[in-house]
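Q: Please take a close look at one helix of this model. Which sides does it show, and what does it pack against?

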Amino acid sequence: MRYVLIVLTILGVALGIAAVVLGGADDSPGLQLIGVLLVIGAVVFGLRNLRRGT
């Protein structure tokens with residue numbers, strides 16, 4: 001179960017980074033904001049689950 005959470009966190013960060021890059025290429029500030037929020041949310045999700053020990 002722990003590995004699934006790690007993989008989900010990594011995928012969330014990767015998807016957020018891709019959104020920021022694609023938003024920058026398309027000059028779309030909304031997509032960049034969504035990407036940044038996704039990265040922050042994934043990191044918080046990962047750290048919260050790491051501290052809980054689940």
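A: Contact here means heavy atoms within 4.5 Å. The model is predicted: local features need pLDDT of at least 70, side-chain atom pairs count only at pLDDT 80 or more, and totals for chains, interfaces and linings use all residues. Residues are numbered from 1 along each chain as its sequence is written, and side-chain values use heavy atoms, with hydrogens and water left out.

The part is helix H1, residues 2-25. Helices are DSSP runs of H or I, at least four residues, numbered from the N terminus. H1 has 24 residues and spans 35 Å from first C-alpha to last, close to the 34 Å expected at 1.5 Å a residue. That expected span is 1.5 Å times one less than the number of residues.

Start with the covered side. Buried means under 20% relative accessible area, exposed over 50%, partly exposed in between (1.4 Å probe, protein chains only). In H1, Leu5, Thr9, Gly12, Gly16, Ala19 and Gly23 are buried. These buried residues pack against helix H2 (29-52). Thr9 has 15% relative accessibility, so Thr9 counts as buried. Leaving aside neighbours within four places in sequence, Thr9 contacts Ala42, Phe45 and Gly46.

Now the surface. Val7 also sits in H1. Its relative accessible area is 45%, so Val7 is partly exposed. Val4, Val7, Leu8 and Leu11 make a nonpolar surface patch of about 360 Å². Areas come from the Shrake-Rupley method.

After H1 comes Asp27, with a positive phi near 60°.

How values were computed: Patches are made of residues with over 30% relative accessible area and no salt bridge: like charges are joined within 9 Å, nonpolar side chains (Val, Leu, Ile, Met, Phe, Trp, Tyr) within 5 Å. Accessible areas come from the Shrake-Rupley method with a 1.4 Å probe; for residues, only the protein chains shown count as cover. A salt bridge is a side-chain nitrogen of Lys or Arg within 4 Å of a carboxyl oxygen of Asp or Glu. Helices (H or I, at least four residues) and strands (E, at least two) are DSSP runs, numbered from the N terminus.
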